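Student: I've got a structure to go through and I'd like to talk about its charged pairs and its packing. Can we take a look together?

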Amino acid sequence: MLEPGTAGSTGAAGSSRTAAATRAGRSTGTAGPTGTARDPVAPATADQWQPTTHRSRRRVGRIVALILVGLLVLLIGAYFFLDARLNRITELSDYSGRPAATPGQDWLLVGSDSRAGLSAGERRRLSTGSAGGQRTDTMMLLHIPSGGGKPTLISLPRDSYVPIPGHGRNKLNAAYAFGGPKLLVQTVETVTGIRIDHYMEIGFGGFVGVVDAVGGVHLCVKESIDDPKAGLDIKAGCQDLNGGEALGYVRTRATARADLDRVQRQREFLGAVLDKSASPGTLLNPFRSVPLALSATDAVAVDNGTHLFDLARLGLAMRSDPLTLTVPVAGTPTLSGVGSVVEWDRPNALRLFNALQADEPVPSDLVSDQSEG
């Protein structure tokens, strides 16, 4: 027989052991007395986190994709907006005797003396005068090889004495005065034998706007120049020029070789402004790139077949250190009724243009004959 109190003592001990086991089960995650798991704070396993992680990654991926699509739509919209702003002024249409298409791409780059968009005060400040009509101050032929080689940039002096279709022989810039861009292109094609693929023109006002939009250009001036007619007074040495100073720099003929010195400065400036325009400091700075894009599309006039991507290709070509030279010159006589003109060295000029027609390098002796470039 059991003694009184024995069962109670045993029951109490059993209850204590059961409670201890229950507490241990809760702390270790083992089953309690009823066989059920009791672990409300146990850490989740990797398998338990995996679906949440995948959902987070998918959400981030969707956000990134939406951002990229938005940027793409923005860029495409900006392209078509800027392309539509281009001022297209001429059609490079066929005419009897036009040269056949040649390898590579050929541009006629023109700087006109148009005062359009300039107020009377700006004309006085920039010393542009108020002459009526419109003429060409700058003409350059740019050849971009088909194989991606070194481009060639050739200055065609405005006083070049050449045959102008329907108007006899005269200065090259008279072609523009007689018949605008179309007759100028036809004249250049006639005297060079090269078919022009693209035409680009910029006037005085647009010129100044583009230079100021990129924050000026850095040029190394070989000699001090004081030319009140061009509104220019600068010292020799490397310096930053603003739009007005740069305009005077490319217009002045107040140096020893007059127009021949000027075409060299024009090429120097063109390379500097395009290099600045395409630099990371300009393209990645919205306070520079946006005003530049708007100024450039307002400033330039092109042929009907030229688009924004063509201008981008032009900029890349000018950044690739093109070979620069002036068409070979035989002399600068003064002719009755015409004035001072530039006569080409026709045999060497033909050698130069024939090389470009064939998409071949310029003969080395023609390059060595010019200290520039």
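Tutor: A search of the whole structure turns up 8 salt bridges, each being a side-chain nitrogen of Lys or Arg within 4 Å of a carboxyl oxygen of Asp or Glu. Keep in mind that the model is predicted, with local features needing pLDDT of at least 70, side-chain atom pairs counting only at pLDDT 80 or more, and totals for chains, interfaces and linings using all residues. Residues are numbered from 1 along each chain as its sequence is written, and side-chain values use heavy atoms, leaving out hydrogens and water.

Student: Which residue forms a salt bridge with Asp298?

Tutor: Asp298 sits in helix H9 (residues 286-299) and its partner in helix H2 (residues 46-85), so the pair ties together parts 213 residues apart in sequence. Helices here are DSSP runs of H or I, at least four residues, and strands are runs of E, at least two, numbered from the N terminus. The closest N and O atoms are 2.7 Å apart, and the partner is Arg85.

Student: Is Asp159 buried or exposed?

Tutor: Buried means under 20% relative accessible area, exposed over 50%, and partly exposed in between (1.4 Å probe, protein chains only). Asp159 has a relative accessible area of 9%, so the call is buried.

Student: Which residues are joined with Asp159 into one network?

Tutor: Asp159 meets Lys171 at 3.8 Å, N to O, and Arg253 at 3.2 Å. Through shared partners, the salt bridges join Asp159 with Lys171, Arg253 and Arg158.
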